[in-house]
Amino acid sequence: MNFFIETIGCQMNVNDSDKISDYLVNHGCLKTTDMAKADLVILNTCSVRFSAEHKAYSLLGRIKEHKDVNPNLIVGVVGCMAQHAYKEIKRRCKFVDFVLGAKNIDNFSQIIGKYVPFEYSFKKQTSENVFRYVTIMRGCSNFCSYCIVPFVRGPEISINCGEICDSVKQAVDSGVKEIILLGQNVNSYNDNGINFTKLLRQVSKIDNLKRIRFMTNHPKDFSEELIDEIAGNDKICRHIHLPMQSGSDNILKAMNRKYTYGQYKSLFERIKTKIPEINITSDVIIGFPGETERDFSDTFKASQDLKFGGLFIFKYSPRPNTSAYKLKDDVTLNVKKQRHTLLLEDSNEISKALNGRYIGKTVDVLVEKYENKVCEGRNSQNLKIFFDSDKNYTGEIVRVSVTRALANSLSGKMIL
Ligand code: SF4
């Protein structure tokens, strides 16, 4: 049986899709990248933004065309949108065989078993991946006023530290070099007193694991202990994604983020002081209800002041159930687009200038891909790096002298 899986959304969804793929492969299925050749199609959905749901319905339109041609095609919709729009999907897409919400993703094996008569053919999990996501927490209890995640993924639950270490060991044994620990707010991880810093210490003891990354962080829970651990632990990569969301205290309060810009800035500076080589990236939401020119200007100034290594800018879109949904979405789409463009252009210039500082320097790159005689990998700071090579170095850490810098990537020459 061939299966095709399409993933919309964040790394949590990518990780869930990886697990589903592993399960299917371990039960004798073959993954295909061509939907027309699939007997089973799974769409893993996101509902963080309206545009993600729109994309899911348009993909479902394409999937239906395949089902019209092949009525035996099994179609499953999973993930966040499947959680909160279960009835709507069932109503609008009668051709969908099963809908499985993000909270119940661990029940995938039971659901799929109803449609696919698997012969038990367990194979040892093998991974061609250089890196692997490992979920350390599920759900979120923060209720940022714009965010649907607590409603679709449920309250925050920390996964047992021993289970996490076993997953990491298993991945490393199958050839994985880098682990990315995932949670909506990894900084509040707590397994019976084992906090996130202690978890990092445990994971970093695993032999042959070369690199550890983690995401996402919440500034209100990012501790001094964690900063010290990153500073002193060579396995932890020099990259922190620290969502700011806004530079305006009024908007941060309305977003229920539980910190002020001053507190965010202070944390940012403490991290930079203790770990000078760190790359801090961030998220910002533009056009939250009530965002004035002054509020936007505060965000713009914050971006100029802090100089993020990368800034991901999202236009606010109201999500059902959230407390912000009751607020008037009073920043017009035109204004959101203008603010988005202004900030994006400026932040790209900042990132490009920061990346320019790597030119002439040598960096360690973990190679993730080899295509058309080009190796692609990342340095510790999570910057993509490309270099020409006659040999495939996938899975190896090599030294690269940087010759060119763009806003989102570097290129250079490998040093033999
Ligand atoms: S911390 Fe806030 S933005 Fe992040 S998942 Fe939780 S509620 Fe959403």
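1. Does Lys 373 count as buried or exposed? With 10 C-beta neighbours inside 10 Å, Lys 373 counts as exposed; the cut-offs are 20 or more other C-beta atoms within 10 Å of a residue's own for buried, 12 or fewer for exposed, and partly exposed in between, with C-beta atoms placed from the backbone. Lys 373 sits in the loop between strand S16 (362-371) and strand S17 (374-378), and has a positive phi of about 60° although it is not a glycine.

2. A word on what you're looking at. This is a predicted model, where local features need pLDDT of at least 70 and side-chain atom pairs count only at pLDDT 80 or more, while totals for chains, interfaces and linings use all residues. Residues are numbered from 1 along each chain as its sequence is written. Helices (H or I, at least four residues) and strands (E, at least two) are DSSP runs, numbered from the N terminus.

3. Asn 208 is another one to check: its phi is positive, about 70°, and it is not a glycine. You'll find Asn 208 in the loop between helix H8 (196-204) and S12. It counts as exposed, because it has 10 C-beta neighbours inside 10 Å.

4. Have a look at the peptide bond from Met 215 to Thr 216 too: it is cis, with omega near 0°. Thr 216 belongs to the loop between strand S12 (211-215) and H9. For background, most residues other than glycine have a negative phi, and most peptide bonds are trans.

5. Now the helix pairs. Helix H12 (residues 293-306) and helix H13 (residues 333-356) have axes that come within 10 Å and cross at roughly 10°; axes are lines fitted to C-alpha atoms over the stretch in contact, and angles run from 0 to 180 degrees between N-to-C directions. That makes H12 roughly parallel to H13 (angles under 35 degrees count as such). Phe 296, Phe 300, Ser 303 and Gln 304 of H12 meet Arg 339, Leu 342, Leu 343, Asp 346 and Ser 347 of H13, contact being C-beta atoms, placed from the backbone, within 7 Å.

6. Helix H9 (residues 224-232) packs with helix H11 (residues 261-274) at an angle of about 25°, their axes 10 Å apart. H9 is therefore roughly parallel to H11. Ile 227, Asp 228 and Ala 231 of H9 make the contact with Arg 270, Ile 271 and Lys 274 of H11.

7. Finally, the ligand: residues around it include Cys 140, Cys 144, Cys 147 and His 218, where near means a C-beta atom, placed from the backbone, within 6 Å.

Methods. Parallel < 35°, antiparallel > 145°, perpendicular 65-115°, else oblique. Contact = placed C-beta atoms within 7 Å.
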